[in-house]
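Please look over the sequence and the model below before reading on.

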Amino acid sequence: MKVKVLSRNPDDYVRETKLDIQRVPRNYDPALHPFEVSREYTRALNATKLERVFAKPFLASLDGHRDGVNCMAKHTRNLSTLLSGSCDGEVKLWNLTKHECVRTLQAHEGFVRGMVVRYCGTSFFTVGDDKTIKQWKMEAPGYGEEEEPLNTILGKTVFTGLDHHQKDAVFATCGQQVDIWDEQRSSPIRSFTWGVDSFSSVRFNPVETELLASCASDRSIVLYDMRESAPLKKVIMTMRSNTLCWNPMEAYYFTCSNEDYNLYTYDMRYLDRPVTVHMDHVSAVLDVDYSPTGKEFVSASFDKTIRIFPKDSGHSREVYHTKRMQHVICIKWSSDNKYILSGSDEMNIRLWKANAAEKLGVLAPRERQAANYSQKLKEKFQHHPQIRRIAHHRHLPKNIYHQTKELRVMKEARRRKERNVRKHSKPGSVPVVSEKEKHVVTVVK
Amino acid sequence: MASPGEAAVGNTHVGEKKKPTSRYWEEPQEDGKHENKVGEDGEQTERSLEKKTRQTHKAKKRKQEEDQGDGNKFISGKSDPFPGPAPIPEDRLQKFKRRDKTKKPRRQHYKLKDMIASSEEASEMAQKQAARLDLLLPEDAGFLEGDEDEDTCTISQEDIADVVDITSATKYFDLKLSQFGPYRVDYSKTGRQLLLGGRRGHVACIDWQSKQLMCEINVMESVNDVKWLHSEAMYAVAQKKWLHIYDSNGIELHCIRKFNDVLRMQFLPYHFLLATASATSFLQYLDVSVGKEVAAICTKTGRLDVMCQNPHNAVIHLGHSNGTVTLWSPNQKEALVKMLCHQGGVRSVTVDKTGTYMVTSGMDKKLKVYDIRAFKPLKSYFLPAGASCLSLSQRGLLSAATGDIVQVYRDVWTTPVSKPYMAHRVQRTIWGMNFCPFEDVLGVGHGEGFTSMLIPGAGEPNFDGLDANPYRSAKQRQEWEVKALLEKIQPELISLDPTELGQVDRATFEQRHQDRVKALGFDPLAKEKFIPKYKKKGRSSTGSVERRKRQVAHEDQRDVIRKTAEDKMKIEKERKKREKKEAVLSSQRSALDRFKK
């Protein structure tokens with residue numbers, strides 16, 4: 001007779017001393033783990049609920065400006081520094097970790113219109129309503145020294161925006177025309193105009209560094225090559241675009257914030273129709289900034305909210321608002337992909353988490369693992385109606401809620417009318433125009 | 001087949017006649033490997049011949065090429081004798097396979113295609129990892145083999161207990177409890193605790209491995225059934241009138257008056273549901289985490305004293321006196337399935353761990369095995385005395401109680417069984433029987449008390465520490481309890497197919513819409529009735545309103561006519577096409593036409 005009976009040595013299964021961690025032998029046999037799907041679903045549901053519970057995105061408010069915050073700039077080398085310019089011509093440097101202002105300077109008379117940090121991070125440029133471009137040192141002046149710009153350029157017209165080249169000592173401003181400046185010279189090395197118009201924003205392409213794009217007040221977005229003497233091409237839309245931002249990872253895409261409450265992502269090569277139309281705001285969109293991963297972008301709107309959009313989705317995944325925040329004028333996504341900074345009319349800069357439910361600080365490995373696991377589960381079951389309902393629900397201020405509803409009704413009415421017109425017209429005479437094509441008037445080369 | 005570099009490696013092997021060290025993963029595929037080797041050898045000799053003929057002129061150059069061609073070569077000149085990842089046996093991979101590959105979507109869904117590809121890759125990786133880990137599991141299952149011409153069923157328990165180690169030998173024992181007679185038995189989910197319920201009111205819970213008595217009470221009432229709840233801190237006792245819950249110290253926690261005349265109970269551990277079957281033919285579900293009755297179903301089938309659960313999908317199986325077995329979920333007032341299994345009443349039902357097989361025994365003295373997924377009978381056996389009690393172990397051993405004899409069968413569903421695997425006689429009629437999880441032990445409750453038997457090969461050798469850990473500490477138990485409560489499955493999710501939730505909802509829009517119409521009682525997407533707008537300056541007179549209504553109705557009618565006309569045209573077109581085809585076919589004459597009338 002041969003016999004073997006299960007007989008386990010308890011020493012193999014319990015810890016030796018109290019200082020050890022408990023032993024957990026695993027067996028992944030599916031027969032020992034019944035109801036896999038239902039349990040995962042329950043976990044996903046719990047994770048979704050917890051995510052909503054822990055969604056506390058607002059971190060801090062930086063106050064100190066004495067007028068509305070008109071522009072902001074990220075430091076190119078330093079995560080904890082932020083620059084902001086206000087409508088009274090004041091520029092402030094902030095230490096984000098300590099939530100305090102480290103330096104204040106009166107840069108311009110009137111608005112500070114644009115601000116950019118040089119790629120090396122040692123100095124920054126500002127433009128203002130007083131028709132000047134000023135270059136400032138990043139370090140504060142020593143004791144007894146006066147706060148003075150490194151360099152001042154007096155322009156002929158008002159500048160409304162500026163951006164710096166990624167690698168060279170060249171920067172671009174916009175106003176009545178788009179100018180390219182060499183840092184060493186006091187007159188522009190190149191000027192671009194295309195019809196009489198004024199420009200509201202200009203941005204260098206982060207990858208093809210010689211390319212620029214600007215938003216013009218004649219409802220067009222114009223592309224330039226710095227090496228050529230004339231602009232490349234432009235797309236004219238039904239409404240004016242306020243600002244634009246290049247996708248830092250796929251730099252042939254850019255997103256522009258438009259007056260018609262939408263944002264449009266364009267492919268630089270095919271301007272005749274946007275790749276995606278991002279809807280959800282209920283008022284003009286004033287600013288947009290991409291996350292450094294290029295997967296999402298954040299937009300600031302006149303409707304007093306900030307929205308975060310996945311780059312290829314038509315609707316936002318997140319909306320931030322507070323009772324006190326007024327029209328949001330400028331927005332930045334921090335370079336570590338974790339925070340969002342918004343500057344608004346009521347003189348405050350607000351610091352938000354980019355991922356509302358994320359736990360800040362150093363995570364223990366197990367904590368990180370659990371977070372990753374629940375994230376995956378949420379992704380897996382995101383389309384189940386119950387989970388979807390919980391994950392998508394956001395509380396909105398009353399007026400925005402009602403405005404959204406009203407807009408929906410208006411849109412539906414328009415659609416209905418179009419349908420009726422089509423029905424009573426000769427077949428084919430009223431073609432179906434998709435949402436993407438609707439907003440593009442023409443492309444000019 | 002082999003790259004030149006590999007051939008060079010092979011040559012060195014042949015030359016040295018050195019056998020590679022045998023590895024454990026090579027064992028199951030020994031034959032296949034061997035054949036391969038022969039083939040390789042043949043090829044290599046061929047290769048070497050070829051080499052010799054060519055060596056005369058281009059030897060140097062070829063050698064250089066070889067060296068460059070093989071990237072895997074070590075600098076020392078030796079190469080890895082086991083290149084690549086270790087092979088995983090096919091059967092292990094199969095064990096962890098969740099589902100077949102998804103059909104690839106058409107070309108335009110390129111994003112979906114990428115997504116499916118990446119998720120499939122991930123799941124394949126997980127499957128492989130799990131299969132790899134499976135090789136490293138520490139324990140092996142028990143077994144019992146007789147000598148030549150020795151029947152395993154003749155081996156007595158004493159013999160086994162003599163042979164095995166001391167700890168295992170202590171697992172064979174008898175408890176003489178003749179006073180409060182026949183006993184029901186239940187093991188806790190980890191298999192550490194044993195609960196005994198005597199017909200005449202004696203309830204005892206024992207840590208049976210250390211033989212420590214946790215509590216012992218007499219409820220002074222007849223006891224129909226006992227059941228552990230989710231942990232060893234609480235158990236339920238079905239007494240003469242009501243259902244009572246006690247804690248492990250024997251203190252009565254609840255008397256649940258909603259549950260009367262309970263005869264049998266089952267606990268669904270992942271749903272925290274206690275399902276009870278009563279003499280008044282009610283099947284009731286109690287949520288033990290919140291203490292609420294989830295469902296009470298009147299089965300209208302008389303006294304319910306045969307009950308078991310399907311551990312795979314948490315469906316309750318009830319056996320009835322008319323020979324049917326019915327399947328129940330708390331979400332439906334009627335049975336999910338009714339199966340006629342026996343002529344005469346059903347005496348006992350049990351379902352295996354994977355939810356594939358159901359074993360029933362009836363008054364017709366038959367023991368039947370069903371495939372419960374396809375509802376098909378697989379095997380039917382005749383037991384002279386008929387089995388009053390059935391129980392399946394984790395590894396698929398079936399124990400059947402016939403009078404005072406316990407018979408254990410092996411592989412009842414795959415091969416026709418003629419002899420039991422083991423047999424044992426207890427003093428008096430058997431009343432309750434249960435295999436202990438994760439142990440080779442069968443607990444038998446009978447008129448004289450309780451017998452714990454050794455059944456080698458019954459229990460799952462490797463437990464999962466996060467699910468049911470027999471060696472868990474109090475702290476670990478607390479942790480587990482919180483986790484388990486957090487992922488309590490809602491009773492609404494109980495259905496015949498537990499994976500239904502993870503499948504793509506392919507119900508077409510129309511179907512869903514139809515259901516919605518049925519549920520709402522009206523069609524939410526139906527065209528609204530036209531209500532004419534009120535207009536001023538006398539333009540809303542009855543006549544003009546009527547005229548406007550008529551205009552709209554006329555427009556609608558035109559739409560309908562247009563559509564039907566289009567449909568007709570389409571049908572006509574198709575018919576013509578078909579006729580044309582037929583005409584072409586009929587014009588071709590075949591040799592067989594002359595046989596046609």
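## Domains, strands and cores

The domain assignment of chain A gives domain 1 (10–54 + 364–392) and domain 2 (58–286 + 312–321), and such bounds come from an automatic or database domain assignment. The C-alpha centres of domain 1 of chain A and domain 2 of chain A are 45 Å apart. This is a predicted model, in which local features need pLDDT of at least 70 and side-chain atom pairs count only at pLDDT 80 or more, while totals for chains, interfaces and linings use all residues. Residues are numbered from 1 along each chain as its sequence is written, chains are lettered from A and ligands numbered from 1 in the order in which they are written, and side-chain values use heavy atoms, with hydrogens and water left out.

In the UniProt record, an unreviewed entry, the feature "repeat: WD" is placed at residues 62–104, 278–319 and 321–362 of chain A; the positions are given in the numbering used here, feature names are shortened, and annotations may be inferred rather than shown by experiment. Two of these spans are set side by side below, where helices (H or I, at least four residues) and strands (E, at least two) are DSSP runs, numbered from the N terminus.

Strand β3 (residues 69–74) of chain A has 5 of its 6 residues buried, where buried means under 20% relative accessible area, exposed over 50%, and partly exposed in between (1.4 Å probe, protein chains only). A hairpin leads from β3(A) to β4(A) through 6 residues, and the two strands run antiparallel, joined by 5 bridges; two strands are said to pair if DSSP finds at least two bridges between them. Within this pair, Lys74(A) stands opposite Leu82(A) in β4(A).

Most residues other than glycine have a negative phi. His99(A), in contrast, has a positive phi of about 55° although it is not a glycine, and its place is in the loop between β5 (90–95) and β6 (100–106) of chain A. With a relative accessible area of 39%, His99(A) is partly exposed. Asp280(A) also has a positive phi, of about 160°, and is not a glycine; Asp280(A) is found in the loop between β22 (276–278) and β23 (285–290) of chain A, and at 22% relative accessibility it counts as partly exposed.

In chain B, an open sheet of 4 strands has the order β15-β16-β17-β18, with antiparallel pairing. Its edge strands are β15 (306–309) and β18 (337–340) of chain B, each of which pairs on one side only. β15(B) and strand β16 (residues 316–319) of chain B pair over 4 bridges in the antiparallel sense, and there Gln309(B) stands opposite Ile316(B) in β16(B).

Which residues touch the most other members of the largest nonpolar core? They are Ile160(B), Leu442(B) and Ile455(B), in a core of 36 residues; a nonpolar core is a set of buried Ala, Val, Leu, Ile, Met, Phe, Trp, Tyr and Cys residues joined through side-chain atoms within 4.5 Å. Among the elements that each supply at least two residues of this core are α5 (157–163) and β28 (441–446) of chain B. A second, separate core of 33 residues includes Tyr285(B), Val325(B), Trp328(B) and Cys341(B).
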